[in-house]
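Please read these notes beside the model. They are set out as numbered points for someone who has not seen this structure before.

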Amino acid sequence: MPKASKLSNYESEKLKKTQNSSLRNTFYKIFKIGSVSTRDLAIFSAHFSLLLSSGVDIITTLNILKEDGRHKHFQKNLDEIINLVKTSHALSDAFAHFPGSFPPFFISMIRTGELGGSLDQILSDLSIYYEEEADFKDEFIQILLYPIL
């Protein structure tokens, strides 16, 4: 006679799906699958920093980055960011309208750069930070996959 505490096949399958979904969501959050990667943020920050340190104003810089094909993840958002900056919003506030593309740390550092007058240096530092984070994630994935290979 089967035990009463045993799960039915339907309940068992439902539990497995829930657990797999939870693991998948955790994996996606860690590695930013489906959104902007840390490597994309590093490249975007480096290009932004380079243009600003060359004396190009913020609006022109954003337009150049929008037209550049290497920043596909940001192109949709950059139109709105440009409009917000043109209407006297702070750059950090404009980026804050897109939390799926720009993490809170990025926005806070932009705000710090605006207030301190060192936006180009902050963006350069952000590019280094996100490049190192991307490298770390790549190494971590390799370590996780090594036993499987």
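The points below go from the overall fold to single residues.

1. Basis. This is a predicted model, in which local features need pLDDT of at least 70, side-chain atom pairs count only at pLDDT 80 or more, and totals for chains, interfaces and linings use all residues. Residues are numbered from 1 along each chain as its sequence is written, and side-chain values use heavy atoms, with hydrogens and water left out.

2. Overall make-up. The protein has seven helices and zero strands; helices (H or I, at least four residues) and strands (E, at least two) are DSSP runs, numbered from the N terminus. Read from the N terminus, the order of elements is α-α-α-α-α-α-α. Of the 149 residues, 30% are buried, where buried means under 20% relative accessible area, exposed over 50% and partly exposed in between (1.4 Å probe, protein chains only).

3. Contacts and surface. Among contacts with a separation of 6 or more, 52% join residues 24 or more positions apart; a contact means heavy atoms within 4.5 Å. The accessible surface is about 9,900 Å², and carbon and sulfur atoms hold 58% of this area. Accessible areas come from the Shrake-Rupley method with a 1.4 Å probe, and for residues only the protein chains shown count as cover.

4. Nonpolar core. The largest nonpolar core has 28 residues, and those with the most contacts inside it are Phe44, Phe48, Ile81, Leu91, Phe95, Phe102 and Phe106. Such a core is a set of buried Ala, Val, Leu, Ile, Met, Phe, Trp, Tyr and Cys residues joined through side-chain atoms within 4.5 Å. At least two residues of this core come from each of helix 2 (38–53), helix 3, helix 4, helix 5 (91–96), helix 6 and helix 7.

5. Aromatic pairs. Rings of Phe, Tyr and Trp (its six-membered ring) pair if their centres lie within 6.5 Å; planes under 30 degrees apart count as stacked, over 60 as edge-to-face and the rest as tilted. The count by this rule is ten aromatic pairs. Phe95 and Phe106 make an edge-to-face pair, because their ring centres are 5.4 Å apart and their planes stand at 80°. Since Phe95 lies in helix 5 and Phe106 in helix 6, this pair ties together parts that are eleven residues apart in sequence. Both Phe95 and Phe106 are buried. Tyr129 and Tyr130 also pair edge-to-face, with centres 5.0 Å apart and planes at 70°. Here Tyr130 is buried at 3% relative accessibility, whereas Tyr129 is partly exposed at 38%. One aromatic cluster takes in Phe44, Phe48, Phe95, Phe102, Phe105, Phe106, Tyr129 and Tyr130.

6. Salt bridges. Six salt bridges are counted, each being a side-chain nitrogen of Lys or Arg within 4 Å of a carboxyl oxygen of Asp or Glu. Arg111 and Asp93 form one of them, at 3.2 Å from N to O. Arg111 is in helix 6 and Asp93 in helix 5, so the bridge ties together parts that are 18 residues apart in sequence. Lys137 and Glu133 form a salt bridge at 3.4 Å, N to O; they are four residues apart in helix 7, and therefore about one helical turn separates them. Lys137 is buried at 14%, while Glu133 is partly exposed at 22%. Arg39, Glu131 and Asp135 belong to one network of salt bridges that share partners.

7. Which residue forms a salt bridge with Lys66? The partner is Glu67, with the closest N and O atoms 3.6 Å apart. Lys66, in helix 3, is buried at 18% relative accessible area, but Glu67 is exposed at 60%. Leaving aside neighbours within four places in sequence, Lys66 contacts Gln75, Leu78, Asp79 and Ile82. Asp68 sits in the loop between helix 3 (58–67) and helix 4 (72–86) and is buried, at 18% relative accessibility. With the neighbours within four places in sequence again left out, Asp68 contacts His47 and Gln75.

8. A backbone point to check. Most residues other than glycine have a negative phi. Ser88 is not a glycine, yet has a positive phi of about 70°. Ser88 lies in the loop between helix 4 and helix 5 and is exposed at 69% relative accessibility.
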